[in-house]
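Here is a friendly walk through one protein, going from its overall make-up to a few selected spots. Please keep the structure open while you read.

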Amino acid sequence: MLIAPIASEALYATLRYPFRLLHSANEKINSEALALALLIPSLPESSRGRMQRLWRLTVPGYNPPLGQLMFCRHSSPWRSTSSVLAAAALGLRAPSTRLVLPGRRYGQKVPDKYLLTDAATLPFSFSGTYWKPSAHHLCLSTRDASHRTHMHEYKSLSTRPCSSIASALPAGGIPAPSMSSEPQVDYRLPTTVRPTHYDLTIRTDLEKSRFDGFVKVHLDILKDTSQLVFNTAELELSNPVLYSEALHMEQTPSTLSFDTIMERGFLSFTTPLPADSKAQLSLSFTGQLTGAMMGYYKSVGGEDGKDVYALTQFEPTIARKAFPCWDEPSLKATFAVTLISRADTVNLSNMSVASESIYEPGTTPETNIVLSWLSTKLSTLGSENADKWIITGFDTSPPAMAWANGHFKYLESSYVSPLSGKTRPLRIYATAEIIHQAQFALDLKRQILPIYEKVFDIEYPLPKLDTLVAHDYDAGAMENWGLITGRTSTLLLDPKSSDLPTKKHVAETQCHEVAHMWFGDITTMAWWDNLFRDVGGRGHDSWIFPEWKLNSAFVSGRFAYALNVDAKISSHPIEVECPDANMVNQIFDGLSYAKAAAVLRMLASFVGEEGFLKGVSVYLKKHLFKNSVTKDLWNGHDIPKMMDNWVKTTGYPVLTVTEAENGIHVRQDRFLDSGPANATDNQTIWTIPLSILTVTAKGDVIVNRELVLDQRSMFIPLDVTKPFKLNAGTVSFCRVFYPPERLVKIGREAAQSPSPFSIEDRMGIVDDALALSKAGFSKVSSALSLIDVLRNEQEYLVWDSISKNLAQMRNVWWEHDDIADFIDGFRRELFTPIVQRLGYVASQEDDADTQELRTLAIEAASFAGEKSVVKELTDRFAYYLKTGDDSRIPAELEQAIYNAAVLHGGREEWEAVKHIAAKPKTPSSGVAAMLAMCATEDLDLAEETFQYTMTDARDQDLMYFFRGLAMNKKTRRLLVVNFKKNYDAFDKRLEGNYSMQFLVSIAISPLSSDKDYEETVEFFKTKDTSKYDMVLKQSLDSIASRSAWIKRSTNDVQEWFRSRTSLSKV
């Protein structure tokens, strides 16, 4: 069976009507009869077109042997956002009972009695179906064996949407696809018009949680057209008027219709607009301020938690929820914005204020269109007519838009441009109770802006740069040009705090978002498949804080994350096809950010940092205020051949090193965490900078950065009697697999002081060893022996890598008590001496490395159950419980202390931590408390914790509770059970933003058995996974690889630990 979606005006015309079905048989496509059924279900408005169950349908006029065919819910990996179904079935039985869902890696089991077909038996597949409301045409797109798309259009014999479906296909059936047809796409807006400027007025009413306004869109008419198609979602539109400069006439549309699936509005006009002319479209609109954290939405802050304010979040395709627009990255336009709000609030936008005045109904003359509109609007609203309103006009902006309204306070600074000498004001806004924690982020902005100007040789082009801190925020932060927005945990720091991890997090966030003022704002990708160029840049906070060793920290952070995710068969390229909104939302994932940053880092290392940045400057200057594609960036370096496979293909290589008498053989193959790749998955040949490190007889370290591997294998002359290492600095995006004897030697050399291997090298060695053992290339015992050799390591970042890898092992063998205990014992053995050496109290003389190593060691030893550390931490919390004095709970130890208190305490400790989570003194304290609430081993308290997420937790904080329950081996299954039980509630609660995909991943990825895999597949069969399909596949791959690792390595791990225990007794 094949299924394909249909987006249709007829859906909305028949919401309250019975199913409309169509049958057509055609011998031209296949020797067997083809039946096509189009379904328009009557769905409640609240379900937003999603079908959560199976439908069995009798098709009129079609009587196969069993007289029925099975309908399955829609699937957006079909590359369509539509959710109404079309299905095709051949009159023969399938070779199996698995329903084939094109675009998916798993199927839906269906009883054998139903009529099915395998997709492979058809000479083509359906790639989309949609309804053109203005022409009353049904359009069917098919894809042939060469993956070319062909469009087939059928004119309705009726202009009534309800009957048009029934008569759309001709009696002769569907003609065979024409192989000469050009590929067609229906997920992009028509190219008949192009917006150039928006005059936008928005009135915000925080008391009534609503907004309204009107927009005039200035259009270039590129082709003759009688229809305008634009994006709109969840808005009520009215008063559409179109003025044509060429026709010198104003006209209202003959029809106004909507496709809520494709989020489009259609305006049809009697008189066509001529090509090469200009027009202006005016529309009024009304919308609701919800807590969706998308579009124009409301958030809540204040001392009492009742201070409501509103802000925008438009990435990636959500501007359409705030005003009707052409919501695609290549359709740039300028904006002139006017914001109207209650007189006691503050209006913000991405440009400077041009004018501001108070409007008093009945006393202010109606001197312009805004005042006239406002007067008319208020006159219809009763009591609001007497209120005072503030009208704020902003300077015309370049192609960008963001705004906010609320009772905001601000801190202010400025910087002087090193290129022009201009002084630009800088502000950071927040609600009154948290504004004092925003100074650090403001100072960072002041410091990094002139650095970026000098590096890119381009002046920041806007007159100001503000930042707004939000209590409710789906992402971490957003680079709105001129008005950065972000959540409290990414932008706030207690000025009295010594919490270095939080300080680093704020610095990374602010510097990253300011970098986007150039990457992503000055130059924007032409379409979402080029997203990585905008999100992949690093923030370069290391230029401000070199003592933090942030370039090294990248290896155990984003670099390691990207390697882990991209090792799955279900991974995706960083330049990935994005035909619809669901796919766009999904590629805003960790891999798009992390791998993109890693690949750009590799490129910068290969061509040289200075040369790379010069090339970036050339690229930006060439595409100022324009759109670009991937090759535009590479052209600045003349290396597209090298980069294509890193960007456009999935995965990365493992370099296998074998030694000969006079050198080494190096071979590249795709690395998969499930085991060595088969021939089908091992087609790519990457161009890999090898960066070979060698050590001379005098002990000098030499790195050859010019040698590349651009073939399957090669021989490299080398003195193998001396130390050597590939991928010096852990810069190239790959793993390196050495013979066991060489890994032992590398481990010994890494453990030397000083070592010929850098911090980055030592981190990479540890990560590679565990990853290769997980994939079955080597034994886990070899990796554990390597870690054991490094027990005298002094650098925090290397210990951080060791800690993460041991935690991962324990997380995999969580249901094997003996191995979990062995690993905990090993962690105590490694980290307790560091705690004893560094103590619990920070000193003013401590450098950043010492501060973070102390915190890491305390946390690791405590989590592993070291009694002396647990006692110290629980005593500190007990003092707080007794006195209310939290002075013995420094910010950097909050997580460890709260966790220990709940894990080793009871209800009193849990209630105290819950109180902290509900009203934290800092965002980092709140996050620590939320995670710690989940540390209990009392299942009754764990159940209460989960219920707290259902009733009290902010939507943005759900992922912290899920992560905490998933980290706790005693509550992991409780989380899975409750998530499944409450799936529909979460799905409804989080529709429209990114959060659901995070919950799915966090809940199911830590599972480790075949049974878990099967139960997870079974559960999601009946769910609409279109908004998180990629994450679900990755999570299933994680379960499978963890299960395989357990089967493969359990005996090896047990033997290694038991042998150490035996030796210690001797």
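A residue counts as buried when its relative accessible area is under 20%. By that cut-off, buried residues make up 61% of the 1066 residues in the protein. Please bear in mind that this is a predicted model.

**Overall make-up**

The secondary structure comes to 30 helices and 41 strands. Among contacts between residues at least 6 apart in sequence, 71% join residues at least 24 apart. The structure holds zero disulfides.

| Residue | Relative accessible area | Class |
|---|---|---|
| C734 | 2% | buried |
| C934 | 0% | buried |
| L348 | 4% | buried |

**Helix α15**

How far apart are the end C-alpha atoms of helix α15? The helix covers residues 759–774, and its 16 residues should span 22 Å at 1.5 Å a residue. The end C-alpha atoms are 23 Å apart, which agrees with that expectation. Helix α15 is also mostly covered, as 16 of its 16 residues are buried. After the helix comes G776, which has a positive phi, near 85°.

**Helices α24 and α25**

Two packed helices are described by the angle between their axes and the distance between the axes. Helix α24 spans residues 939–951 and helix α25 spans residues 958–967; their axes come within 10 Å and cross at roughly 165°. Angles over 145 degrees count as roughly antiparallel, so α24 is roughly antiparallel to α25. The crossing of the two helices is left-handed.

Which residues meet between these helices? On the α24 side they are T945, F946, Y948 and T949, and on the α25 side L958, F961, F962 and L965. As background to such a list, an α-helix has 3.6 residues a turn, so residues three or four places apart point the same way.

**L348 in strand β22**

The last stop is L348, found in strand β22, which runs over residues 346–349. Is L348 buried or exposed? Its relative accessibility is 4%, so L348 counts as buried.

Leaving aside residues up to four places away in sequence, L348 touches L339, F394, A402, W403, A404, F408, Y429, L468 and L483.

Definitions and conventions. Residues numbered from 1 in each chain as written. Predicted model: local features only at pLDDT ≥ 70, side-chain atom pairs only at ≥ 80, totals over all residues. Heavy atoms only, no water. Helix = DSSP H or I, 4+ residues; strand = E, 2+ residues; numbered from the N terminus. Expected span 1.5 Å × (residues − 1). Buried < 20%, exposed > 50% of the residue type's maximum accessible area, 1.4 Å probe, protein only. Disulfide = S-S within 2.5 Å. Axes fitted to C-alpha atoms, helices over the stretch in contact; angles between N-to-C directions. Parallel < 35°, antiparallel > 145°, perpendicular 65-115°, else oblique. Left-handed = near helix turned anticlockwise from the far one by under 90°. Contact = heavy atoms within 4.5 Å.
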